[in-house]
Amino acid sequence: QVQLVESGGGLVQAGDSLRLSCAASGRTFSSYAMGWFRQAPEKEREFVAAISWSGHITYYADSVKGRFTISRANAKNTVYLQMNSLKPEDTAVYYCAAGIAPFSNTLYNKRHEYAYWGQGTQVTVSS
């Protein structure tokens, strides 16, 4: 069983920055791709960013490209999401997710490609 615990959310103003963290336990973290998704009220959960097991490959939704950066520290079993220039439309619960296949360099933006999910952390951006 894999446990994912997100942290770092909060209430900020438009233009501010936040860094989310996701701590993983339960399997070899460094072997799997990781992703971040978000869900705003009354909307579907949507892809934000993903990173390969090695950290060398990243993939972003168009809506966050250039503002958000995903990274990972395999020695700490942690994946991060640095969010800059936040906008009110970034308001959502942010979830991290762990990929299914080890050592895959293919990154996915679909929920069903991820096997494990955290409980989420709320990010609220005021205008």
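Reader: Is Phe-47 buried or exposed?

Author: Bear in mind that this is a predicted model. A residue counts as buried when its relative accessible area is under 20%. Phe-47 has a relative accessible area of 9%, so Phe-47 is buried.

Reader: How many aromatic pairs does the whole structure hold?

Author: The search covers the whole structure. One of the pairs it finds is Phe-47 with Tyr-59. The total is six aromatic pairs.

Reader: What kind of aromatic pair do Phe-47 and Tyr-59 form?

Author: Their rings lie 4.9 Å apart, centre to centre. The angle between the planes is 40 degrees. Planes under 30 degrees apart count as stacked and over 60 as edge-to-face, so the remaining class applies. The pair is tilted.

Reader: Why does the pair of Phe-47 and Tyr-59 tie together parts that are apart in sequence?

Author: Look at the strands. Phe-47 lies in strand S5, residues 46–51, and Tyr-59 lies in strand S6, residues 58–60. So the pair ties together parts whose separation in sequence is twelve residues.

Reader: Which residues do ring pairs link into a cluster?

Author: Start from the pair of Phe-47 and Tyr-59. Ring pairs link these two into a cluster with other aromatic residues. The members are Phe-37, Phe-47, Tyr-59, Tyr-114 and Trp-117.

Reader: What kind of aromatic pair do Trp-53 and Phe-103 form?

Author: Their ring centres are 5.0 Å apart. Their planes are 85 degrees apart. An angle over 60 degrees counts as edge-to-face. The pair of Trp-53 and Phe-103 is edge-to-face.

Reader: How many residues apart are Trp-53 and Phe-103?

Author: Trp-53 sits in the loop between S5 and S6. Phe-103 sits in the loop between S9 and strand S10. The pair links distant parts of the chain, 50 residues apart.

Reader: Which residues does Ser-30 touch, by the same rule of not counting residues up to four places away?

Author: Ser-30 is in the loop between S3 and S4. At 28% relative accessibility, Ser-30 counts as partly exposed. Leaving out residues up to four places away in sequence, Ser-30 touches Trp-53, Arg-72 and Asn-74.

Reader: How many residues apart in sequence are the parts tied by Cys-22 and Cys-96?

Author: Cys-22 lies in strand S3, residues 18–25. Cys-96 lies in strand S9, residues 92–102. So the pair ties together parts that are apart in sequence by 74 residues.

Reader: Are Cys-22 and Cys-96 buried or exposed?

Author: The cut-off for buried is under 20% relative accessible area. Cys-22 and Cys-96 both fall in that class. Both are buried.

Reader: What is phi of Glu-42 near, in degrees?

Author: Most residues other than glycine have a negative phi. Glu-42 lies in the loop between strand S4 and S5, and it counts as exposed at 86% relative accessibility. Its phi is positive, near 65 degrees.

Reader: What about phi of Ser-85?

Author: Ser-85 is in the loop between strand S8 and S9. At 41% relative accessibility, Ser-85 counts as partly exposed. This residue, too, is not glycine and has a positive phi, near 50 degrees.

Reader: Which residues line the largest cavity?

Author: The largest cavity holds about 40 Å³ of space. Its lining divides into seven nonpolar residues, no polar and one charged. The lining residues are Val-2, Leu-4, Ala-24, Arg-27, Phe-29, Tyr-32, Met-34 and Ala-98.

Note on methods. Residues are numbered from 1 along each chain as its sequence is written. This is a predicted model: local features need pLDDT of at least 70, side-chain atom pairs count only at pLDDT 80 or more; totals for chains, interfaces and linings use all residues. Side-chain values use heavy atoms; hydrogens and water are left out. On a 1 Å grid over the protein atoms alone, a cavity is a set of points where a 1.4 Å probe fits but cannot get out, and a pocket is an open set with protein on both sides within 12 Å along at least five of seven lines; lining residues have an atom within 4 Å of a point. Grid points are joined across faces, edges and corners, and a volume is the space filled by probe spheres set on the points. Ala, Val, Leu, Ile, Met, Phe, Trp, Tyr, Cys and Pro count as nonpolar, Asp, Glu, Lys and Arg as charged, and the others, Gly among them, as polar. Helices (H or I, at least four residues) and strands (E, at least two) are DSSP runs, numbered from the N terminus. Buried means under 20% relative accessible area, exposed over 50%, partly exposed in between (1.4 Å probe, protein chains only). Rings of Phe, Tyr and Trp (its six-membered ring) pair if their centres lie within 6.5 Å; planes under 30 degrees apart count as stacked, over 60 as edge-to-face and the rest as tilted. Contact means heavy atoms within 4.5 Å.
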